[in-house]
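Please look over the structure shown here, and then read the short report that follows.

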Amino acid sequence: MLLPAVEIRDLTKTYGMIRAIDGLTLNINQGEIFGLLGPNGSGKTTTMKIISGILKPDSGHIRVLGFDPVQEPILVKNRIGYVPETPTLYESLTVRDFFEFVSSVRKLDKGSTATKVEALTKAFLLTDYFDSPIASLSLGNRQKVSIIAAFLHDPQLLLFDEPLNGLDARSGKILKDLMSHHAEKGGTVVFSTHIMEIAEHVCKNIGIIYRGRLIAQGSINDLRRYSDNQETLEEVFLKLTNEKDTIEDTIKVLKNALG
Amino acid sequence: MKFTEAWKLSQIPYQELVFKSFIKSRGISYISKTHLSDGKSSNEKMIRRVIRSAVGNKIVVALIIAVASFISFIQSEYQYTTLSILIGSSLSLLMIFGYTLLYEIQFLPSMLDEQPTELLYSLPIYNSDISYILILAFIRAMDFIIIVDIAVPSLLVLILTHSLLASFIEMIGAITSVALATGLAIYLSKIFYQIANREKRSRTESIVRLMFTVVWGALVMSLALLYNYNTYLTPSLEKIITESSMSSILILSSIPSFSFSFLISSTLGGKSYVASYAAIGFSALYVGLSVLVILWSLRTIATFNNLHHDTNRKTPRDLKLVLRGQTVGYSIKDFRIASRNPTTAFLLAAPVLEAAIVLFPLITANVVGTITVLVGTVIGGIFTCFVVIGLLTAEGTGIEYTRTLPLSTNKIMHSKAFTATISYIPVPVIFALLGVIKPAIFNFISLIPLWELPAVAAAALVEMMIIVKSSGEERVLIFNLSSSILYFIASILVSCLVLGLPLVSFILTNLILGQKIASEIVLALVSSAEFIIMMHLTNVMNYSR
């Protein structure tokens, strides 16, 4: 039996008075596309950063591809491709400089890297910006740079935090197909999104995080059952996060306020 | 828009500029840590601290200018005579010009880069008013400095001469110096911005960019050393003015800082009529020029909003990458980002200046002596310590991405130590060459700087270890000199000990055994031991990532 790609038990992470992750327990299997949903500030990004070995949890157990990201962050980082929510890249580097830096640090093979860079750069229509400083790129193009860099080393696990931010429809479609292709090859994708339609169509499994806890996990059909057979994922989400009733009241108040 | 309203609004882009520059130099992780650990109140405290730190920087620069101005008047051996006032006034105006230029060329490129008025465009404010607000934000960034620039030399001249007219001329001279420095700084910053952000098109363009960065770095470093020039310039000027021909004096009075001083001198009873008339002519010319420069500067600052990076689509020559090992790959990244940042571009000039400083006293020396070699080696080592600080500062917010890569803190430290040590290489090369060309006290003395190489790398590692440990885990390898001055001093002191230990062991062995070859072997052993110990310590130290 395959080991779970990500195994989290009773994870906590606090920032001063704020409890970002509160006893999170979560299993993600290899070969699946897992969608992490939750309102703003629910702990999705913190969870991603802990999985990728960037942040240390306060307590709890975590294994990523069989490794402990706290004790062995380099081994974990070698096996994952991470696209952060906001691509904070080295702005004065050109796209070419940036890929050279990432490939050198990851000790990649020259031949296969060249093939991948060429194919991905052309697919994401980034060729004409290859020698442009990253500072001059739009948000979408920066996101593409970050996505390409995440694919260069054939990672087993892809961690995408809001990967469709700023992407045009064409690039979004390519990315979704790449994620499916990665999962078909046995790789795992964990991605967070606020766009319910995408989660509904792309993800085999979905986890809903609310106030640092996992409140539901399963396929879209499982989630429908948990939420009294709500029709769409949006309705499921609002029902499970107890926002369905309050949101209607909020909209009424807003309509009155705005006239 | 009314001035009071525009002045009030200019606080927003000014604050934005200060804050964005801080984030860039210190890194997001610091902010997120502070924000998330202590909540909103702490975040507000941090913003206040950033603004206070910016005000502190301005006060420090203003104090440096005030002291430089004061020192200019007390250097001359003919104190409080017309000659000493002439020289003091000239040098003080030169200092004002130099230090204002230095501050502005560090600050203005950030203003171009950060687009601090971007937010105001979404509000119902005319574009012309936004330009007006941006000019006022620039004045806010310079306020103390401009006041000190103008007030201190004028007051000093008034106190020393009791002449309101002389003081008034000095004030006009100071205003002219500030205006010309500002104009030049704006011009240079625009060039830096354009060259540093230009796309990589050809090898020639890359070489031009590299050369420009080296010149830029040399300019920044030589302006920073302006204080030292005072001591050398005063006697030379005294000699020129008292002994040289009229043509030399005329040439001197044609230089902006000197024309006003000759004018002051003539109001105080200076004897040369020709120089007085020339000074009147040149001063009038520079006042006129400064008016034009002020108008041009205001117009140019107002257009800073419209300067954007070149986003023309151009097909690259190929999509090939040049891959290297981790250490070299990281060093090249450091080199690239440092060369495109005006505050760290001086790093590229460091080896050139280092070579010049070491070479200068050696040209006239007949024999390569022990003291010369030891002093040159120490100077080279200390330069390297400054390069380390520059490399840490250059990292900026990009470190957030690096944290996602399989790269340990130790590896990053080793890469930066490697880059810093490269800047030291001209020193052993110069001494080795001199060892061939010039006679030496003993045959292998010119190799001392080479044996010191491992100690230089060890000193760079010690320095980084202190900074990394003091900065804390979340702020690893992001360093802001102005707010971490105590750690900086501590790290430099310890690094100097590491640099000095091999040289001290050389001296002691030589005193005890009286054998230079044996002493040199001890030096090489101590230096290598330091490097091995530091590599071991950095490897076993437990950093979180």
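## Strand S7 of chain A and its neighbours

In this predicted model, strand S6 (residues 157–161) of chain A pairs with S7(A) in the parallel sense over five bridges, and within this pairing Leu157(A) has Thr188(A) of S7(A) as its bridge partner. Together with helix H6 (residues 169–184) of chain A, S6(A) and S7(A) make a right-handed β-α-β unit. Strand S3 (residues 33–37) of chain A also runs parallel to S7(A), joined to it by four bridges, and here Ile33(A) is partnered by Val189(A).

Because five of the five residues of S7(A) (residues 188–192) are buried, the strand is largely enclosed by the rest of the structure. In a regular strand, side chains alternate between the two faces of the sheet. In S7(A), Thr188(A), Val190(A) and Ser192(A) point one way while Val189(A) and Phe191(A) point the other way, and all are buried.

## Helix H15 of chain B

Helix H15 of chain B covers residues 370–394, and its 25 residues reach 36 Å from the first C-alpha to the last, close to the 36 Å expected at 1.5 Å a residue. The helix is mostly covered, with 18 of its 25 residues buried, and just after H15(B), Gly396(B) takes a positive phi of about 60°.

## The contact between the chains

The contact draws 46 residues from chain A and 42 residues from chain B. On the side of chain B that touches chain A, the elements giving two or more residues are helices H3 (28–38), H13 (326–339) and H16 (399–402) of chain B, and H13(B) provides the largest share, six residues. By class, this side of chain B has 14 charged, 15 polar and 13 nonpolar residues.

Notes: Residues are numbered from 1 along each chain as its sequence is written. Chains are lettered from A and ligands numbered from 1 in the order in which they are written. This is a predicted model: local features need pLDDT of at least 70, side-chain atom pairs count only at pLDDT 80 or more; totals for chains, interfaces and linings use all residues. Two residues are in contact if their C-beta atoms, placed from the backbone, lie within 7 Å. Ala, Val, Leu, Ile, Met, Phe, Trp, Tyr, Cys and Pro count as nonpolar, Asp, Glu, Lys and Arg as charged, and the others, Gly among them, as polar. The expected span of a helix is 1.5 Å times one less than its number of residues. A residue is buried if 20 or more other C-beta atoms lie within 10 Å of its own, exposed if 12 or fewer, and partly exposed in between; C-beta atoms are placed from the backbone. Two strands pair if DSSP finds at least two bridges between them. A crossover is right-handed if, with the strands pointing away from the viewer, the path from the first strand over the helix to the second runs clockwise.
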